[in-house]
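Dear colleague,

I am passing on a structure that you have not worked with before, and below it I have written down what was found. Please read the notes with the structure open beside them.

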Amino acid sequence: MIFEISGKGIICNVYYIEREALDDISELVTEFGPSLKQMLQERSDYIVNVSKGFFSDNSLSEFNFKMSSGETIGQDFFKKRIAEMASKDDEAGEYFEEGTDPRDFKSVNNDPRSKDITESQVAIIEYHEFENGVSTLEIPCEDKDKIMAMKLMCDSVDRPGPSGDVDLATKATYGESIVGGEEYGGAEWPIMGVELDGESYPLSEAKFDRSHSRVWLWVYDEEDKTHGLDFFGSQELPDPWVVEMVDLNIGDIKDGFDQDLNQLLTVHKFFNQKDLDWIKNNKDFVSHYQISHKALKHLMFEGERELQLPVFNKENVKSSTCTLLCMFFDAFGVKGYDPEKLSQLDETHMHLTDFEMLALGNKILVTSIQKSFCMHFNVIGEMSLFGEESFSEMSHPTLADAVEFVVEILDDPDAAFNQDAGIDDDDAEDIEMDTEKK
């Protein structure tokens, strides 16, 4: 049986986290993941789920139970039953109180929360107001009598903290009319789950397409000795708040996918959400990307090959550069590029063949290859002249850029380049660890 609730609603969460921890995770947030919300879920000391989307004390949403037989038990059934009981109580001079009467289909938790914020912590308030959302919950029950005796488990939005006084979560949400405001009819009982036949089933956050969303930062003020809204700090929180994860099967990467911009962006986003270990351990995905890419499949080596560390000179700069790059790609798990075919590309295609294309679109891998390549020539950083990007700092390096970098090294009599430097998997792993830390 499926419990479903849909309509207009609000999601609101409060995250308590140490200031230093927030600074640390802010450096890790990227457009491809992890998102700020993901990091807060993993690193916060305490999370208050104020509302998961829908409220039991307004008429902005509807719920129903969909049984496998096709029969539906809707919200109207429960509301009608409550109205009849309330009417009988009125006739008898009694009072039916919603949320507390044992005959009601709602129960409200007003207990104090187990934790409040500390002086060293900051609070991040997450808010999403949506017009059309839905949340579903699978419950292993088909007994109509048990379903009709269910209860919606609700939390009051103005619950106190462990001391019994108003805590920061209530102050920053209910106290600021983020929840419980007039626009939502003063609704104060967010639905957190369903209780049926003695078992509790927590409800997941509502899913929605569009929303009005905000994120606020509250920090401790030493003078006032209390937490207050930090307006500018709220604006400086890192984006994105959430990242849509891409899940592809090998077959989803179609032949010639790079000729369709939307497909290319989707595939690159998929690989960007993978770490370097995943790339090393998923050779089938990597090779399928290479042979399905219209430009790359012509740059693959046919059969087996064994690369030897090249000795660089001005006569073999193209072939040696491509060989060294292929060795680094091999070490990071992207195997099979033919250095001879790469070096025979004309100047135009040398500029069009960038590291991002060769590296599956994975930006961490691009940076790892780039820094590994530079370190082979004992270059850690370069001075940029006249505002031009140096190779070691380029955001989109190409084969042509790599060749030009090597030419400049060979032309510089003062360059600290060791011709005997080698490359192996251990070297690549060292670069990989250093890159991920940065």
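Which helices and strands each supply at least two residues of the lining of the second largest pocket? Please keep in mind throughout that this is a predicted model. In it, the elements that each supply at least two residues of that lining are the helices α2 (36-43) and α6 (231-235), together with the strands β6 (121-138), β10 (207-208) and β11 (211-221). The largest share comes from β11, which gives four residues to the lining of the second largest pocket.

The second largest pocket has a volume of about 550 Å³, and 21 residues line it. Those that lie nearest its centre are Lys-37, Glu-126, His-128, Trp-241 and Val-242.

A disulfide is a covalent bond between the sulfur atoms of two cysteines. With a cut-off of 2.5 Å between the sulfur atoms, the count of disulfides is zero. Cys-154, for example, is in no disulfide, and the nearest cysteine sulfur, which belongs to Cys-12, is 16 Å away. Cys-154 is buried, as its relative accessible area is 2%. Cys-374 is likewise in no disulfide, with the nearest cysteine sulfur, that of Cys-322, 15 Å away. Because its relative accessibility is 3%, Cys-374 also counts as buried, the limit for that being under 20%.

With best wishes

Technical notes. Residues numbered from 1 in each chain as written. Predicted model: local features only at pLDDT ≥ 70, side-chain atom pairs only at ≥ 80, totals over all residues. Heavy atoms only, no water. Buried < 20%, exposed > 50% of the residue type's maximum accessible area, 1.4 Å probe, protein only. 1 Å grid on protein atoms, 1.4 Å probe; cavity = no way out; pocket = protein on both sides within 12 Å on 5 of 7 lines; lining within 4 Å. Points joined across faces, edges and corners; volume = space filled by probe spheres on them.
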